[in-house]
Amino acid sequence: MPGLLTPSTDTSSSIIPYSSDSTTPTVYTLNHNLKPPTTPRLSISWSRGNSLRVTVFRSPATTDNEPGGKVVELNLSSEDVDSDIEMNDAARWRRIVYGSVSPFAHLQNKKNALAALDEFRRSVSHDGDWSKYVLQYSKEINSLLGSKKSSPTPLIEDPKTVLKVEEPSSLKAAWELLEIFYADKQSQPWIPEQLVDWLSDYDALFSGQVPSVHLKLVEFQAELINIQAVETEPAYWQAISSALAVGWLDIVVKLLRLHGSYQLNQLGTRETENGLVEAVAVLVSKMPRMRTDLPLGKLGECYNNKSDFMRAWEKWRAQITKLDCSAFWLQCSHNQTKENLKNLLQILLGNTSTVSSATCHWVELYIAHFLYIRPFTSGLESMYVLAQKCIQLKPISTPHKLMRLILGILEENTEVVLAECSRSFGPWMIAHATELLTAGSVEAEILLKEERDNLGGISIEESHRLVYAQVLSSHALTWQIAPIYLISCMKHGVGLLEILLYKQPAYHSQVLLKNIEICRMYDLDSVSSTAMKIAGVHHWKHGRKGTGVFWLQQARDEVRLNRIAQKLFDFVGKSISDESFEQWEGLIELLGSESKTVGGLEFLHKYRDFKKSLQQVQDGVFTDAARKAGEALILLMKNPSTPQRFWLPLLYDSLKLLNWRERPLLNVSQTNMLLNKLQELSVARLRPDFVEAGLPQEALSSVRVALATNLGRAILEE
């Protein structure tokens with residue numbers, strides 16, 4: 001169940017690590033047609049990944065054709081997501097977490113749109129259009145997990161640089177495996193070739209646990225700088241054999257052309273030897289590949305269909321056999337070169353023992369079988385049988401997690417794949433990978449989407465999404481994207497989303513605004529109203545009364561607003577003559593006059609206007625202001641919304657009006673009305689429940705004398 005926000009536990013570094021090597025920030029201009037004056041505004045927000053966006057919005061200059069503002073986007077981390085995600089780097093994880101929200105939400109929206117149109121059948125996962133959507137989703141997620149670093153090509157290439165050492169991501173490697181076998185339907189005939197490319201990118205991941213071809217090449221490259229004649233070194237030929245076995249043809253050709261016979265001072269005496277080395281290099285570079293195209297720099301000849309590939313394969317093998325039986329081997333005097341070149345030909349011809357000795361673990365041997373021994377292997381069943389054979393030839397006591405994942409995929413065991421993804425790569429992986437698994441097979445779709453009693457009536461897919469949403473909910477920087485995953489869970493998603501929103505601290509204004517935005521997005525009006533009520537009560541209790549009233553008004557909480565209005569009513573009734581009334585004036589204005597208390601707040605608004613007019617009289621504004629103040633007094637006393645306990649304070653505040661020297665401000669009928677009110681008040685004071693206004697003891701007598709005097713003067717004037 002989603003919990004409260006918790007601060008990040010990573011206190012050893014900043015939330016977003018800043019690198020001084022960051023690239024120059026990108027600057028965009030803003031144009032608008034707003035008329036001045038426009039108050040300059042500054043907005044700071046996070047963009048995708050670790051990009052900080054600062055927006056300055058100002059009035060455009062009238063003389064110069066200047067933009068109306070600028071947007072500066074600064075990348076706060078120059079590092080790419082190529083290193084292993086298991087390093088627990090919080091900034092990189094947030095980049096992946098936030099970046100994966102948009103592809104996931106778009107795919108869910110597309111699914112919901114198809115379901116609304118009654119086109120989303122149970123077998124939709126095998127529909128061509130849906131496969132395209134899933135593949136696009138997979139590509140977008142894959143791009144978040146890291147990309148190849150495009151380092152600039154040097155003007156002079158170092159001939160002894162065999163391998164560019166880069167640390168790949170095991171999470172990206174696992175995702176690409178799922179994409180190859182489940183999402184990329186159009187490339188399924190070329191799965192073996194895709195695995196060749198996959199191993200060339202990620203063989204380094206196995207080096208920490210088992211020996212690998214990548215590790216062998218890295219070690220040889222470190223020694224290469226000190227070697228004069230490479231062809232005399234066994235490590236040189238071992239590196240070539242291993243690279244050839246796993247299909248790294250470009251490395252093989254480059255290493256072969258480091259052979260000493262290519263040196264200018266050796267061509268005259270080693271012409272036959274050089275010809276044999278070059279012949280092997282050409283055969284390697286012309287190897288047929290059953291695939292549509294090759295990445296830049298990779299060698300081989302591509303064939304799209306099986307028939308063309310078979311003809312080219314047979315022709316190529318015939319050329320290898322012809323070279324293997326050539327008489328030129330007898331003329332080659334360098335035995336070490338001759339023996340090792342023949343060993344390379346045996347790999348090309350698919351000699352099982354030679355291929356097995358050239359590889360280090362079963363995945364490399366598996367790839368070598370696809371390339372040289374069983375190039376026409378197709379279907380997961382036959383691929384799984386071949387994998388078991390390779391495991392028997394090269395057993396491993398503790399298999400790597402990627403090896404376990406490969407076996408689960410080849411075995412078509414969705415439960416094993418799910419378990420391995422969950423155990424090795426965490427909730428993020430399993431929450432996003434289920435879309436790929438269900439696009440791959442009907443069995444996987446049934447397994448993941450079937451409701452289970454032992455899971456509380458929800459499916460495995462929904463269970464994993466709820467777990468991932470809980471992880472997001474537990475962190476202050478990611479809780480706001482958890483609703484996207486919760487809302488995709490049909491059974492318990494909405495209920496847990498409400499719990500998550502209820503538990504957010506309403507006293508934090510930014511969190512409250514985000515809370516309201518999420519509620520508006522998913523039509524959770526009751527949750528939004530409750531959050532605003534909680535915020536209003538919190539601010540009221542902590543002395544921020546204006547803010548509290550504002551949020552209660554937004555929540556339309558008439559009960560609490562009426563209580564506040566009644567409290568104001570009672571306060572003003574006890575201290576109506578006190579100048580402390582001014583501190584409540586803004587709150588009265590904010591409450592408005594529509595609250596449904598006894599008499600409403602209409603009286604308080606009119607009393608405020610009366611106090612203002614009375615103040616003008618006291619400030620020396622004569623007859624006209626006094627006349628208006630008198631009219632305001634009569635209106636207040638006549639108004640049925642004016643409570644009885646306010647009558648005497650009003651009249652006591654108006655003594656100056658009643659005793660006006662120049663002329664009586666009230667006529668006979670008005671004065672009689674006030675005397676009648678005063679008489680009613682005298683009778684009411686006899687009741688035990690009457691509340692005194694806290695005025696001086698002589699207040700009543702002073703008002704009686706003033707009214708009697710005003711009545712006499714009014715009679716004489718009339």
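**Entry 1: Asn-274**

I began with a side-chain pair: Asn-274 and Ser-261 make a polar contact through their side chains, at 3.2 Å. By polar contact I mean a pair of N or O atoms within 3.5 Å; within protein, one must be able to donate a hydrogen and the other to accept it, and residues adjacent in sequence count only if both atoms are side-chain atoms.

A note on ground rules: this is a predicted model, where local features need pLDDT of at least 70, side-chain atom pairs count only at pLDDT 80 or more, and totals for chains, interfaces and linings use all residues. Residues are numbered from 1 along each chain as its sequence is written, and side-chain values use heavy atoms, with hydrogens and water left out.

Asn-274 sits in helix α9, residues 271–285. I took helices (H or I, at least four residues) and strands (E, at least two) as DSSP runs, numbered from the N terminus. Is Asn-274 buried or exposed? Asn-274 counts as buried because its relative accessibility is 13%. My cut-offs are under 20% relative accessible area for buried and over 50% for exposed, with partly exposed in between (1.4 Å probe, protein chains only). Setting aside residues up to four places away in sequence, Asn-274 touches Ser-261, Tyr-262 and Leu-267, where contact means heavy atoms within 4.5 Å.

**Entry 2: the whole chain**

I then stepped back and found 32 helices and 6 strands in the protein chain. Of its 718 residues, 47% count as buried. Among contacts between residues at least 6 apart in sequence, 66% join residues at least 24 apart.

**Entry 3: the cores**

Which residues have the most contacts inside the largest nonpolar core? I noted Leu-178, Phe-181, Trp-198, Leu-256, Tyr-366 and Trp-428, in a core of 133 residues. Helix α17 (residues 414–440) gives the largest share of this core, 12 residues. A nonpolar core here is a set of buried Ala, Val, Leu, Ile, Met, Phe, Trp, Tyr and Cys residues joined through side-chain atoms within 4.5 Å.

I looked up the neighbours of Trp-428, not counting residues up to four places away in sequence; among them are Trp-93, Ile-141, Leu-171, Trp-175 and Tyr-468. A second, separate core has 30 residues, including Ala-632, Leu-657, Leu-666 and Leu-678.

Why do I call α8 largely enclosed by the rest of the structure? Because 6 of its 8 residues are buried. They are Leu-249, Ile-251, Val-252, Val-253, Leu-255 and Leu-256. The cover over these buried residues includes α6 (213–224), α7 (234–245), α9, β5 (288–289), α12 (335–348) and α14 (362–373).

Next I searched the whole structure for cavities and got 5 of 30 Å³ or more. Two elements give two or more residues to its lining: α5 (191–202) and α8 (249–256). The most comes from α5, with 3 residues. The lining includes Val-196, Trp-248, Leu-249, Arg-289 and Lys-298, and divides into 5 nonpolar, 2 polar and 5 charged residues.

For the record, a cavity is a set of points on a 1 Å grid over the protein atoms alone where a 1.4 Å probe fits but cannot get out, and lining residues have an atom within 4 Å of a point. Grid points are joined across faces, edges and corners, and a volume is the space filled by probe spheres set on the points. Ala, Val, Leu, Ile, Met, Phe, Trp, Tyr, Cys and Pro count as nonpolar, Asp, Glu, Lys and Arg as charged, and the others, Gly among them, as polar.

**Entry 4: Asn-340**

I found Asn-340 in helix α12, buried at a relative accessible area of 18%. A polar atom of its side chain lies 2.6 Å from the backbone oxygen of Gln-336.

**Entry 5: two positive phi values**

Most residues other than glycine have a negative phi, and I looked for exceptions. Glu-412 has a positive phi of about 60 degrees; it lies in the loop between α16 (401–410) and α17 and is exposed at 53% relative accessibility. Asp-523 also has a positive phi of about 60 degrees. Asp-523 lies in the loop between α22 (509–521) and α23 (525–541), and is exposed at 63%.

Methods: 1 Å grid on protein atoms, 1.4 Å probe; cavity = no way out; pocket = protein on both sides within 12 Å on 5 of 7 lines; lining within 4 Å.
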